[in-house]
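These are my notebook entries on a structure that I had not examined before. I set down what I looked up, topic by topic.

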Amino acid sequence: MRKHHAIAAVAAVGIAAAGLTACSADGSDDGTVTVNWWTWDERAAAAYAECVPGFEDANPGVKVEISHYAVDDYFTKLTAGFVAGTAPDAFQNSVPLLGAYAEQGQIMPLDELIDESGYDLSVFDVGVESWQYTDGQQYGIPLDWAGAAIYFNQDMVADAGLTPEDITTMTWNPDDGGTFDDVVARLTVDASGVRGDEPGFDPENVETYGINSIASGDFNGQTTWNPFVSTLGWRLGGEDAAWPTEIPYDDPEFAQTLDYLRGLADRGLTPGFGEFTVSSAEMIGSGSVAMVQGGTWDSSSITQIPDVPVGIAPTVEGPEGRMMISNSNANNVFVGTQHVDETWDWVTWMGTVECQTTAGAGAVFLPSIAEALQSTVETQAAEGLDLSTFIQALEGGELYPAPPTANGQEIVDTITPLFEAYFSGERDEEVFAEMTTLTQDILAP
Amino acid sequence: MSLSTAGAAPKRPPATGPKRPPRRPAANSPAHRGDGWLAWILIAPAMIGFLVFAVYPTLRGVYLSFTEFRVLTPPTWIGLENFREMFADSVFWSSLGVTVYFVVIAVSLTMIVSIATAAVLHRITESTVIRGLIILPFLISTVVAATVWSWMLDTQLGIVNVVVQAFGGDGVQFLTSREWAIPSVAFIHVWKNMGYTAIIIFAGLQTIPPQVYEAGRIDGAGESKMFFRLTLPLLRPILALVLVLNVIGAFQMFDIVSVTTKGGPANASNVLQMYIYSKAFGQFDFGYASAMSLSLFAILIIITFLQMRLLRANESETD
């Protein structure tokens with residue numbers, strides 16, 4: 001009897017092992033090559049899926065498989081894929097991770113492929129420089145770019161006696177805040193209906209804030225302080241357009257700008273740091289703010305709120321005109337890909353005016369090719385959405401590319417708590433010098 | 001089966017008798033023939049799991065803590081460099097401080113609430129439904145519980161702040177201010193784990209013979225006096241176990257923080273596990289993260305050892 005049990009046990013183990021082997025076996029091989037491509041944005045996945053039929057028609061025998069994973073898991077999954085050799089052939093990547101992936105030889109330098117195929121990078125109007133590693137080689141082919149914009153509740157603007165032009169032409173300076181300061185104060189209303197620029201305004205009991213909180217822990221302040229301080233000539237990489245050795249948070253103009261922005265909350269014109277936790281669309285939709293400075297990626301959702309007409313304005317015009325940082329996501333190719341040529345074909349197909357125009361039509365992202373962006377703007381204009389400020393930003397030189405940095409994630413993790421400490425009032429101006437010292441240690445150890 | 005009686009089979013010689021020859025019962029007794037390999041097969045699933053998922057990762061973690069390891073390239077041995085870095089890392093020390101702060105609040109609250117709940121369950125209700133309800137929060141996935149609580153504690157939309165404001169208070173930034181972040185996380189943790197601890201203590205209460213209480217009552221002791229003079233001392237081994245488990249669990253706090261505050265604001269709730277996670281999976285600095293994990297391991301061993309000794313956890317008054 002015992003013997004029978006033992007045999008059964010051995011048999012069970014054997015069956016389990018056989019099952020495992022079966023799982024890891026590959027499917028049938030009918031000669032087609034599948035190119036796997038990953039993104040973290042499900043809307044981008046759907047948009048780029050529209051480029052696939054054209055690509056597959058033009059490249060018989062090649063299939064494209066698009067997958068998307070939530071951004072919180074995306075990079076962990078990617079890393080696991082690098083280790084196991086199962087990473088996708090090509091994938092969307094974010095600038096701060098270029099350094100880590102290129103340094104460890106996980107993504108392919110593309111110069112040779114570019115030369116061989118005669119692919120012309122000049123088709124892009126933004127983002128190419130952000131994807132050059134310290135070895136001078138190109139590691140990424142730009143996909144989309146993102147910056148900041150100001151969204152305003154048109155009804156509230158009218159109620160305040162302002163016009164949309166007052167919003168789209170706001171000026172700003174760190175001394176008196178320019179017309180931006182006047183507009184924000186005008187749009188702020190306290191619980192008894194007194195506006196922020198009227199006597200008797202109660203900053204402790206605000207019903208509607210002029211604008212959302214211009215404070216965050218974000219190390220590049222993309223949608224918060226960056227569009228302000230950049231108009232003074234300040235740049236994230238200082239003198240360096242790429243691979244900076246420090247981030248000049250200790251610049252006196254930087255401190256002055258941040259002090260002005262933090263002061264807005266003390267004056268009751270914006271919510272305090274950490275007070276609002278909801279998305280910008282929810283803030284403006286609920287009427288708790290009259291304007292939102294948010295990402296360009298918000299444009300297609302924030303303008304769809306029922307019964308709340310939302311207009312789009314560019315960021316503020318400062319002493320040196322408008323300027324903001326732009327993040328350019330790009331396609332990277334995994335070194336472990338078995339199908340370099342097919343993958344390269346797909347990557348360059350995505351980087352064409354045609355694909356960018358098709359995929360970008362829904363404005364879920366802003367194409368890095370001005371011609372395709374123009375087409376996005378026209379498509380959206382036909383549906384009543386005016387995105388022309390984004391064309392103006394791209395073509396008018398109102399954005400500078402985010403510099404790639406070494407140890408990007410360490411910068412983020414180190415700087416975020418310090419910004420949070422500054423905006424919550426735990427720390428003051430002296431924190432900026434400390435931040436710069438820390439970035440020196442991390443960027444140029 | 002027959003395995004349990006096998007030990008009694010050979011005749012035991014008298015203790016004072018002459019030295020018996022070395023015996024090999026497994027070889028001699030027909031009842032034992034072939035048992036060894038069957039035992040190994042039966043143990044194998046648990047054993048393999050233990051070796052693969054516990055022993056090997058632990059040993060590898062120990063090894064990695066002496067290396068520079070960024071996952072994508074092989075580890076390189078750097079000796080004690082990680083530990084040197086750790087001692088100089090102010091974020092590590094502040095994380096440790098935050099963790100201890102959390103442990104103190106969470107464990108003391110859990111113990112007080114659990115003991116009170118268990119005593120109430122034991123002395124007042126016989127209803128299994130009510131007893132079962134107590135453990136409900138423990139059955140909910142931590143991520144779900146933390147997400148729901150983060151909504152309820154939200155400054156703008158949270159029901160808790162609606163209540164606070166109804167009583168004339170100002171909106172409290174439960175999860176976004178330094179003062180409240182750790183107490184709020186500890187509160188969620190206590191809410192989640194109190195039931196489980198209470199049930200263990202409740203089981204312990206049931207092992208106390210009722211005669212003890214009868215005797216107490218005859219001697220004229222009231223409920224509270226019996227609780228402090230009889231219940232608590234007799235529960236000591238169970239309380240020690242529960243305390244040790246709770247301290248270990250609280251030191252390993254990660255999921256609630258990850259869902260509600262991500263360690264913020266300004267590192268105010270950056271517990272050690274959160275810091276280890278962001279070093280490892282955010283910055284790919286697995287060597288340094290392993291070194292910190294090893295330190296946490298050492299801290300837990302020392303604390304557990306001290307607790308066991310101080311509480312004399314392996315002795316009981318009822319024996």
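**Conventions.** I worked on a predicted model, in which local features need pLDDT of at least 70 and side-chain atom pairs count only at pLDDT 80 or more, while totals for chains, interfaces and linings use all residues. Residues are numbered from 1 along each chain as its sequence is written, chains are lettered from A and ligands numbered from 1 in the order in which they are written, and side-chain values use heavy atoms, with hydrogens and water left out.

**Chain B.** I looked up the secondary structure and found 14 helices and two strands in chain B; helices (H or I, at least four residues) and strands (E, at least two) are DSSP runs numbered from the N terminus. Of the 319 residues in chain B, 40% are buried (under 20% relative accessible area; exposed is over 50%, partly exposed in between; 1.4 Å probe, protein chains only). I noted an accessible surface of about 18,100 Å² for chain B, with 69% of it belonging to carbon and sulfur atoms (Shrake-Rupley method, 1.4 Å probe; for residues, only the protein chains shown count as cover). Taking contacts (heavy atoms within 4.5 Å) in chain B between residues at least 6 apart in sequence, I found that 66% join residues at least 24 apart.

**Salt bridges.** I counted 12 salt bridges over all chains, each being a side-chain nitrogen of Lys or Arg within 4 Å of a carboxyl oxygen of Asp or Glu. One of them joins R267(A) to D181(A), with the closest N and O atoms 2.9 Å apart. R267(A) lies in the loop between helix 11 and helix 12 of chain A, and D181(A) in helix 9, 86 residues apart. R267(A) is partly exposed because its relative accessible area is 38%, whereas D181(A), at 8%, counts as buried.

I also recorded the salt bridge between E398(A) and R322(A), at 3.8 Å from N to O. These partners lie 76 residues apart, each in a loop of chain A, and both are buried. In chain B, R70(B) and E68(B) meet at 3.2 Å, N to O.

**Negative patch.** I found a negative surface patch formed by E112(A), D115(A), E116(A), D341(A) and D345(A). Patch residues have over 30% relative accessible area and no salt bridge; like charges are joined within 9 Å, nonpolar side chains (Val, Leu, Ile, Met, Phe, Trp, Tyr) within 5 Å. Helix 6 of chain A gives the largest share, three residues. E112(A), found in helix 6, counts as exposed because its relative accessibility is 58%.

Definitions and conventions
Lys, Arg positive; Asp, Glu negative; His and termini not counted. Charge placed at Lys NZ, Arg CZ, Asp CG, Glu CD.
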